[in-house]
Amino acid sequence: MAVTAGKLNTFSFFKLPSAWWCGVRLKYIDKERAVVTVRHKWFNQNPFKSMFWAVQGMAAELTTGAMMIDQIEDSGHKISMLVANNTANFSKKATGKITFTCEDGNLIKDALDKTIATGEGQTIWMKSVGVNEEGIIVSTFNFEWTVRLKL
């Protein structure tokens, strides 16, 4: 079954309700790239009237995790996935509509192929960049994903 933006948004309603209620929505996904948007609103803001860092993190993580889910499903194997580390940089106040994009989907297949072939866990770092409506970078997140074949 193909992974689509609509299916993952429905999944988030049931399995990631805090992301859903904060307005995190997957807008586009293919094997190389995923795009997620979230709009600054009163219920996802911090005391400084900008978007809370954790809301930005949920949106950024979804760009990387959605592609991971898609490619794991395509592999036909049972593979576990987990974020082992992450780093973030906040360069501008996040207000308005923020769009996070990850273009590191090409890294996933190699890691999945290696874990399937060897049975050993693999790690990859994926980057997601958030920009505001003016195209200015507001935050950059890096996620270290681990994948391992389930036995």
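1. Two strands pair if DSSP finds at least two bridges between them. Strands here are DSSP runs of E with at least two residues, and helices are runs of H or I with at least four, numbered from the N terminus. On that basis, β2 and strand β4 (residues 97–102) pair in the antiparallel sense over 6 bridges. Within this pairing, V36 has F100 of β4 as its bridge partner.

2. This is a predicted model: local features need pLDDT of at least 70, side-chain atom pairs count only at pLDDT 80 or more, and totals for chains, interfaces and linings use all residues. Residues are numbered from 1 along each chain as its sequence is written, and side-chain values use heavy atoms, without hydrogens and water.

3. Strand β1 (residues 25–29) also runs antiparallel to β2, joined by 4 bridges. The two form a hairpin with 4 residues between them. Y28 stands opposite V35 in β2.

4. How many residues of β2 are buried? Of the 6 residues in strand β2 (residues 34–39), 5 are buried. Buried means under 20% relative accessible area, exposed over 50%, and partly exposed in between (1.4 Å probe, protein chains only).

5. Look next at helix α4 (residues 106–118), where I108, A111, L112 and T115 are buried. They lie on the same side of α4, because they cover an arc of only 100 degrees around the axis; the arc is that of the directions from the helix axis to the C-beta atoms. G119 follows α4, with a positive phi near 80 degrees.

6. F14 sits in helix α1 (residues 5–15). F14 counts as exposed because its relative accessibility is 60%.
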